[in-house]
Amino acid sequence: MKSGELGNEMFFIEDGLVEVFDSQGQAVCILGPGAYFGENALFRPVVRSTSIQAVSVGTLLVLGRTELRK
């Protein structure tokens with residue numbers, strides 16, 4: 001996920017680690033199993049304000065706005 005992209009889904013971390021970067025590219029935190037990100041995109045199309053990069057191999061679960069409304 002990259003800052004500036006239009007978002008339509010959120011992500012849940014099942015396994016592994018991801019690093020969060022602000023819009024200036026500065027590392028903010030590392031998220032692991034049980035954490036989630038991108039939730040604002042479930043309610044309306046939003047421009048992503050952070051970038052996410054995998055730190056390790058893992059599994060992400062994706063929930064899109066269309067699936068939520070079914």
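1. Let's start with Phe12: its relative accessibility is 30%, so Phe12 counts as partly exposed (buried is under 20% relative accessible area, exposed over 50%, partly exposed in between, with a 1.4 Å probe and protein chains only). Bear in mind that this is a predicted model, where local features need pLDDT of at least 70, side-chain atom pairs count only at pLDDT 80 or more, and totals for chains, interfaces and linings use all residues. Residues are numbered from 1 along each chain as its sequence is written, and side-chain values use heavy atoms, with hydrogens and water left out.

2. On to the rings. Phe, Tyr and Trp (its six-membered ring) pair if their centres lie within 6.5 Å; planes under 30 degrees apart are stacked, over 60 edge-to-face, the rest tilted. That gives two aromatic pairs here. In one, Phe11 and Phe37 have ring centres 5.2 Å apart and planes at 25 degrees, so they are stacked. Phe11 sits in strand β2 (residues 9-15) and Phe37 in strand β5 (residues 36-37), so this pair ties together parts 26 residues apart in sequence. Strands are DSSP runs (E, at least two residues), numbered from the N terminus.

3. Buried or exposed, what is Phe37? Phe37 is buried, at 7% relative accessibility, and Phe11 is buried too, at 13%.

4. Phe12 and Tyr36 have ring centres 6.3 Å apart and planes at 50 degrees, so this pair is tilted. Phe12 is in strand β2 and Tyr36 in strand β5, 24 residues apart. Tyr36 is partly exposed, at 46%.

5. Asp15 is also in strand β2 and is partly exposed, at 42%. Beyond its neighbours within four places in sequence, Asp15 contacts Pro33, Gly58 and Thr59 (heavy atoms within 4.5 Å).

Note on methods
Helices (H or I, at least four residues) and strands (E, at least two) are DSSP runs, numbered from the N terminus.
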